[in-house]
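This report walks through a few local features of one structure. The sequence and the model are shown first.

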Amino acid sequence: MNPFKRQFTILNFPQMLIFKPEWVNHSTEKNKATPIYSIHVHPNGEYLATGGQDSKIKIWNTASLLDQQKELDEAVPKLVSTLVLHNGAVLSVRWSIDGEFLATGSDDTKVVIWTVDRTNLRGSSFGETNLINYRAVKVLTGHESDVVDLGWSPSKEYLASCGLDSKIIIWDAVSFERLHTIDRHDAFVKGITWDPCGYYLASQSDDKTVRVFRTSDWEEEEEISANFTEAASTTFFRRLSWSPDGGSLVTANGENGALCVAPIIYRKDWSCNASLVGHQAPIEVALFNPLIYQVQDEKKQHVQSAICAVGSQDQGISVWSTAKARAIVSAQHLFQHSCLDLAWSPDGNTLYACSYDGSIACLIFAPGELGKVVDFDFVSTMKAHRLGDKRKQIPESAAQLQLERRFKDAVDHDPKPPVAHPVQPTVVHSVQPAVVHLVQNGTVQTTGQTVQPPVTPQKQVITVTKDGKKRIQPIFLQSPGQQSVHASPQRAAPPVEGAITTQYVLPMIQEARKPQTLTLPHARSVFTLEVPVPETEAMWMLEIKNMQRGCRLSLMKDTEQVWYGSYPHQALLATMTHQFFAVHYADSTLCLYSTSGRKLTPPMKMESGCSYLVAKNDYILHLNVLGQLNMWNIKSMEQVVSVNVMHLLHKAEIVDLTVSEQGLPLLTTSLDETWMYHFTMKQWMLAHNNDRPTRLETTKQGALNRAVPTLEQIEDALVSSQMLDNGRDFQYWLKLYARKLADEGHVPKTMELCYDLAGLEGTQRMVEYLPKLELLKEIMPILSQNRSFSRILQLCQSKIDDSQEMEL
């Protein structure tokens, strides 16, 4: 039977066809089908790219898919090119906006950029002749695990890639240099999509969040976790999609109660209070049609509509219109396994889908079946409308965005829902699946479904939570002949007789995420350390020479050799004080010696290699490559600290590691932040950053050499010097703090400070060796310049007088 001459009735789409060509595959030499993980259409609509588990990318001629006469014509090629370079399964294929490049990502951790080789030579790949020859322009390395999704920005400036290393990498779309790495997710990143308006990049991860990043500075704009926290982590992908007008995001793998849903996120306020409901298993992919259509809604009014397709592990595909409350097409049992990727043709009339079972499907709509295409100028106007009055230009800084949020919170108190935009997806009530006819191998197959009369949509229950958000109770996808079943968000829905059993498909075994580590130093051939001998002009000098096997150590006092020794492994790091020295060797052993060369302890076997080794006074700091910091007091032979520092190094590197005069570990990062570890509270505290002031100095003319710090900055500096027991700095900042309090007339803070120093109330700890009453006497003249403090100071003066009388 000729599948292109016979038409079948499908709900509201009498001319729609579904076609599954068996000749599109990634079969092995033994003709065994292997999974097809990704599919994409060239911008000119003439070629279809697929990526499979066989490590190959195949380029197909779409003319053979859309026209049966050309399919049967042997002179018309079907497979035009096979690209081979990856060493693992190809998980993502994406053409650039202009079609010049094809980007492919694989589980070999690489991204390859391809382009047509315009020489007259005809290439081949393992015996397969290429009618169009492609060459690799660039191989992009940077990911540490599988690359699972790719996306070209609408502006043609960037290429984004994401993978199972939990990272998103932004590449220059011209030079293909790495521009930025986003590592805000805490688990595998399985999907990315660009805002068509050019302001955002959205991603979805196994950490149960969708995150939106600004393209102006690549910082996070919003984190959305609603409807994802209970979702299963069994999907291959979480491929999400932005609507063509930029108004909303349809995401994958959401769950509401016992229902698998595709949550919808609205751009206006990043709310997530509606979903596409109907599939029986987790959703792998959602994809919007690139065009916007004018259609009739349920009230027979002409409205603008976007079309979105959803693919699931239940082996089916559904197609939705934002002007309808139900799916306009539901193709069940389309595959024998999960649907993994979707692609729309540029003209919007054909939807391509690929599956883990190694096959593809084509859903072909007749021109005009989806509606009248809205012209480009109108779509551009809608994009601008989506931005609102406050977002017509790219924000210049994160501070500007914070101000916008603050002003919005201050004026937006209207509890009413926002007015819907022309292409705002509607809340799903229920879904009546269409009868789906599969044209395969020249015969007609059906899913066993029959067309039922239209069912009156059931009214959903809408509730409003305490925080003002709407919660809409979803309804099951309705099978023919069955009653609608409501799901309770508190417990799983009861089983329905005849319904499809949810089948969770386990993903492939992937390489475990590589942990973040610090740099392990290389062995130098020779290095020396020098420390002055106290109360003399002599110098201790330790010289270490690394040989091919082992090392030699020599300790000198000026020109006199005090000790000579050796060790069977090379030395990587060493540190020294006038009392002892320590050496960390390549076998992860740490040895401590006195300045006579005597071993103070037996060799200590450390957990891993050492990245930093520091000694000061009686203390030694050992930081291994896993970020574990150990601090010992060598004089008392006890461990003082054992704590991890990796959480301090987000987007930063270690610049300095030392010990304060009070014996506190101090770590300085490349962000100009200094962190101190407080023994009693067992916590790292920020002692200094580049936003905090340093001590003010005056020039010869008496003018300050920098702006006066704010009250909050002075408080930060005051508590930091207090924690460090730095009496000199504490007194300085205390006086400056008193002057600032007097200038601003802050009565509550002044009362708390004075009463604490006077011993009237409060338990705040001051610098140990500085008497509180003496500190109070120093600041009272400064505070007396503000008359609103009079009663406070009178009470404090009485306390000082009583104390003096007791001393007499």
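Is glutamate 221 buried or exposed? In this predicted model, glutamate 221 has a relative accessibility of 7% and counts as buried, because the cut-off for buried is under 20% relative accessible area. Glutamate 221 is part of strand S19, which covers residues 220–224. Its side chain makes a polar contact with the side chain of arginine 214, at 3.1 Å.

**The sheet that holds S19**

Strand S19 belongs to an open sheet of four strands, with antiparallel pairing and the order S16-S17-S18-S19. S16 (189–194) and S19 are at the edges; each has a single partner strand, so one side of each has no neighbour in the sheet. On average, neighbouring strands of this sheet are turned by 20° against each other, direction ignored. S16 and S17 (residues 200–205) run antiparallel and are joined by five bridges. Valine 189 stands opposite serine 205 in S17.

**A second sheet**

Another open sheet of four strands has antiparallel pairing and the order S41-S42-S43-S44. Its edges are strand S41 (571–576) and strand S44 (604–605), each with a single partner strand, so one side of each is left without a neighbour in the sheet. Strands S42 and S43 run antiparallel, with five bridges between them. Phenylalanine 580 has serine 594 in S43 as its bridge partner.

| Strand | Partner strand | Bridges |
|---|---|---|
| S16 | S17 (residues 200–205) | five, antiparallel |
| S42 (residues 580–585) | S43 (residues 589–594) | five, antiparallel |

**A buried loop residue**

Alanine 325 lies in a loop, between strand S27 (317–321) and strand S28 (327–331). With a relative accessible area of 8%, alanine 325 is buried. Leucine 276 is 49 residues away from alanine 325 along the chain, and the C-alpha atoms of the two are separated by 9.4 Å.

**Helix H5**

Helix H5 has 13 residues, 711–723, and reaches 18 Å from its first C-alpha to its last, close to the 18 Å expected at 1.5 Å a residue. Which residues of H5 are buried? They are Leu711, Ile714, Ala717, Leu718, Ser720, Ser721 and Gln722. In an α-helix, residues three or four places apart point the same way, because there are 3.6 residues a turn. Just after H5, aspartate 725 takes a positive phi of about 55°.

How values were computed: Residues are numbered from 1 along each chain as its sequence is written. This is a predicted model: local features need pLDDT of at least 70, side-chain atom pairs count only at pLDDT 80 or more; totals for chains, interfaces and linings use all residues. Side-chain values use heavy atoms; hydrogens and water are left out. Helices (H or I, at least four residues) and strands (E, at least two) are DSSP runs, numbered from the N terminus. Buried means under 20% relative accessible area, exposed over 50%, partly exposed in between (1.4 Å probe, protein chains only). Two strands pair if DSSP finds at least two bridges between them. A polar contact is a pair of N or O atoms within 3.5 Å; within protein, one must be able to donate a hydrogen and the other to accept it, and residues adjacent in sequence count only if both atoms are side-chain atoms. Axes are lines fitted to C-alpha atoms, for helices over the stretch in contact, and angles run from 0 to 180 degrees between N-to-C directions. The expected span of a helix is 1.5 Å times one less than its number of residues.
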